[in-house]
Structures are given as C-alpha cells and as structure tokens.
Amino acid sequence: MSLRVYDSAARSVVPFEPAHPSRVSMYVCGPTVYGLVHIGNARTFLWFDLIRRYLTYRGFEVTFVMNYTDVDDKIIERARQEDVDEETLAHRYSEAFEGDMKALGVGAPDILARATEHIPDMVAAVEGLVEQGFAYEADGNVFFAVERFDGYGRLSGRSLEDMRAGQRVEPHPAKQHPLDFALWKAAKEGEPSWSSPWGPGRPGWHIECSVMSIRYLGMGFDLHGGGSDLIFPHHENELAQAEALTGEAPFVRHWLHSGMVQMQSEKMSKSLGNIVTARQALDRFDGEVVRMWALSGSYRTQVVFSEQALRDAAAAYDRWKTFHESCAHLLGSVAAQSEAQDSYRDRFIAAMDDDFNSSVAVAVIHDLVREGNGRLGAVERGDSAEHGRLEVLAGTFIELTSVLGFAFAPQVVSDELAGSLIDYLLELREQARAEREFERADEIRKRLGSMGVVIEDTPSGARWRLASPTG
RNA sequence: GGCGGCGUGGCCGAGUGGUUAGGCAGGGGCCUGCAAAGCCCCGCACAGCGGUUCGAUUCCGCUCGCCGCCUCCA
C-alpha cells in the first residue's frame, strides 16, 4: 500500500506521486496577518502540519513553505483602526499567529515567506505577464486577462460562461472581463507602496503565492494546500499566473484542500463575524484537545465547531492521556518503538495512507489503548508475563500518537512545593487507609478533588493527577 | 444558473454489496473499603421512493433537505 490523496484538481483520490520518490515539496497558503486567526483557520494549519508530519513519518524528506500576506487592503484598513503603521500591525499579528500555532503544537515551516520581502520578484513576474500578453495595464493597475489563458477554470471545474461574475460585487471599471484580477494595484494617497514600471503600488493578493512558491520550490512542486474556499479564485489564479508566466505545466502536482468549519449552520468567517478565535478555544481547552477535535473527522469535510464537540474530544483525549500516564508510571520512560512488528501500526498506516483517514487512525489507537489498559491491569496486579507486551504497546502508542502531533506533556503543578505537599497528603491518606480510617481517607480525597487533584488507587499504590480543565 | 460536497443508531463520526468501526452519553456486570481509572456485555443505524441484485446503508435513477464556492475568506 502506498499513499493516496484526494486531489482537488482531479476531483478524486489519486496515488500520491511526488516528482522525486523520496522528497516532497509543499506550500500552504498562510494567514493574512491583520487579526487573530479563528478556529477554522487553525484547523487548516493543524491539518497541514499533520500531513507534513505523516509524510515525514513515511520517509519523505519534506520541504514546507508557508507565506504571510503582510500587505493587503485589510491590513491597511486595520492599521488605521489600530493607529499603527502597516508593518507594526503585520508584525503584531504574525507574532500572535506564531503563539497560537505553538500552543496548538503546529510546527514552524521550513521557509516562511513574507510578501513584502519578495516585491521585486513579483514586479518582475507581472512584467513578464504583460510582455507575454497575459496582462494589461490600466491607470497604474495591472490586471490578468483570464480569457487569454487557455484553461482558466480547470482547477475549480468551472467555465467563464457559467460563473456569475460581478453579480455580487461591482467589478473594477477598467477590467476587460469581470473575472480579470489585479496583479498590481496602484497606490492611493497615504497607502504603502513600492515603485514599479506602472507607478507606485502594491502587488495583488494572488501573485505572491505563485512567485514565492516557484521561488522556493520551483514549478511542478508536489503539494499545494489551503482551505477549500481558496480553490476559487485564489488557487485558480495562482495556477493561471504561474503557468502563463513560465510556459510550463503543471504548476502543482497535487492540490489538497481542507473543509470549512461551521458555526451551527453557516461557515465561520471573519467577514460574517461569527468567529471563535483559536486563542479563545485555547483558553478553554488544551491545544492537544483541539488537535483531537480536528482529527475526529476527515480534513476534507465540513465540521461544526461546538462546545459539545470539544468536550467529546477532551474525553477521548483524556483516555489516551491516562493511558500514557499509567504506562509512564509503571514502565518508566518508554521510547517510541519503531522496530517491533505490530498490527496496530500496520492498520494505522493503512488508514493514514488512505487520504489521511484520521477517524480510522484514531480508532486504531483506541483499540490499542483498550488492549493496553487490559495488560496494564494485569501488570499492576503483579502478572509480569504481560510486561513485555505492554512495553510493545506503549512504544507503539507513543510512536503513533507522536505522528499525530501529541506530546502528552506531563502535568505541571504550579511549583515543586505543591507537588510534594500533594505527595505528603497522599501518604497520610495511605496511612489512614491502612488503619481502615476510611472517613479520614475520603476527606483527603474529597478536599484534593475540590482543588482539581484526582486520586486513583491502584494495586501498586495511590496516584494523583490533575483533573482536565474542560470547563 | 454553474461547480463541489453532505444527509449513518441519543450526539459526534468512519466504512462496506451479505461479517465488529471508534469516541461520548446511557443500561448491566467485574474490579475497589468506597471511589476514580479500567475491563467485559448491551443499542438489530444508515433521509424518502423506485430500480439492478439471490441479497443494498453500500451500485443506478428520482424526490426532499442541508452546506460550501462562483467578492475578501483557512
């Protein structure tokens, strides 16, 4: 079995075929840094991080590029609102983004490309498109002429005739076709600008991704990702620009798109204003709980964000975390095991190879945990024959969950002293139990419980952990 | 109007032409001084209507309902 992915361009699941058998080049459209990312954005970044992790696990050497759109109409608008210059604003929200991603356990890209650091490349690309007749200038603006690029609409599966272009928004009067899009925008008074053959201005949104992806990965790179709302027009336009400019095809070998997060029955979106920021979610739930929520369904389908969904994810996560802690307690540190033959690993890989079927992958790990918990009980009761199998299971568990990005960071108590005090109270309680003073023992458990410390009695002694803060 | 997708047991969510998804919640049991955690057992689900088939939730057609994209958007 080998990896298969749903390719938006093919509109079906196809074998994943990178240009080089052991390397993968991937580009994901990053945020426009004008505000906090919401949980829908976060899910997309979480998922592409997961895809990157899985590709790496499967032995590919991955080069992952992501961009920051740090010049844009919304940035200009927001900078005025917050009364700072555009650069300061972009810096502020890119820092916030990085903080959120860190809290979610999303790894940094290998290359982070900022639009403002690639303006000369973009100007050159626009010039090239004008020279070749794919673009035209009007009043200091440059537009891409969609009718001159054969196959415009191929990615999104639409034709120029069938689209209701300009129906919802009045097109710029200088456009030759309503779907023509800006490659270069003339600067208005007081807007940030760069010099160009067409006068001061700034790049249009789409050109940055074409230019930067080609710059770092070359034409025909392996995987381009983003949310499904980017298929049209953003990715369609990227493709048109790139292939028109270079005269080569394909621009991208595989297009992958993640589904939208819904709030009740409508899409979560900044323009609708119905957003929950990643930060708000992270205030309530652990980043790994949010990760579990993201993994509970396919990356491609629309999912509803709700309190209940997060609580369900938290319950499932706690099951894994408890198993992890019990193993650590009983076995000491367990290393991820990559040698031992294990059917759980085989099932996990088969699931993930099938267009990253995380629902099944998660179910496999739940199955592993069920067997593991059974062995755990046996070992705790002193059955050393089960020890070896438990070690294998624990190792496989760590291996697979870490592919999914889980670290199960050990619980932290506010300071060392608090930890030793809890240990001491546990000792007192053990003494009380030994003397069959159950009332006193229960009182200690109850009081600690009200402070968020859960006590568990096991055959090998009492243990404590912090209750998960799931609100 | 065009394009894409969805409708599975109380909830979430996979999947398959005839055999167990998985999680949460619920019921019963085991373990425990009591708990907690855990383990075992339990729900005869696949929007509706036709068709193909020995047999369809899974294939085909129609109907109904829902969502996304066609403007910025992950």
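**Helix α8.** I looked up the cap first: Asp-286 caps the N-terminal end of α8, with a side-chain oxygen 2.7 Å from the backbone nitrogen of Glu-288. Polar contacts here are N or O pairs within 3.5 Å, and within protein one atom must be able to donate a hydrogen and the other to accept it; residues adjacent in sequence count only if both atoms are side-chain atoms. Helices (H or I, at least four residues) and strands (E, at least two) are DSSP runs, numbered from the N terminus. I then checked the cover of α8 (residues 287–295) and found 9 of its 9 residues buried, meaning under 20% relative accessible area with a 1.4 Å probe, protein chains only.

**Basis.** The model is predicted, so I note that local features need pLDDT of at least 70 and side-chain atom pairs 80 or more, while totals for chains, interfaces and linings use all residues. Residues are numbered from 1 along each chain as written, chains are lettered from A and ligands numbered from 1 in written order, and side-chain values use heavy atoms, without hydrogens and water.

**Aromatic rings.** I counted rings of Phe, Tyr and Trp (its six-membered ring) as paired with centres within 6.5 Å; planes under 30 degrees apart are stacked, over 60 edge-to-face, the rest tilted. The count comes to 25 aromatic pairs. Tyr-136 and Phe-143 form a tilted pair, 5.8 Å centre to centre with 40 degrees between the planes. Both are buried. The centres of Phe-144 and Phe-181 are 5.1 Å apart and their planes at 15 degrees, so that pair is stacked. Phe-144 lies in β7 and Phe-181 in β8, so the pair ties together parts 37 residues apart in sequence.

Note on methods. Buried means under 20% relative accessible area, exposed over 50%, partly exposed in between (1.4 Å probe, protein chains only).
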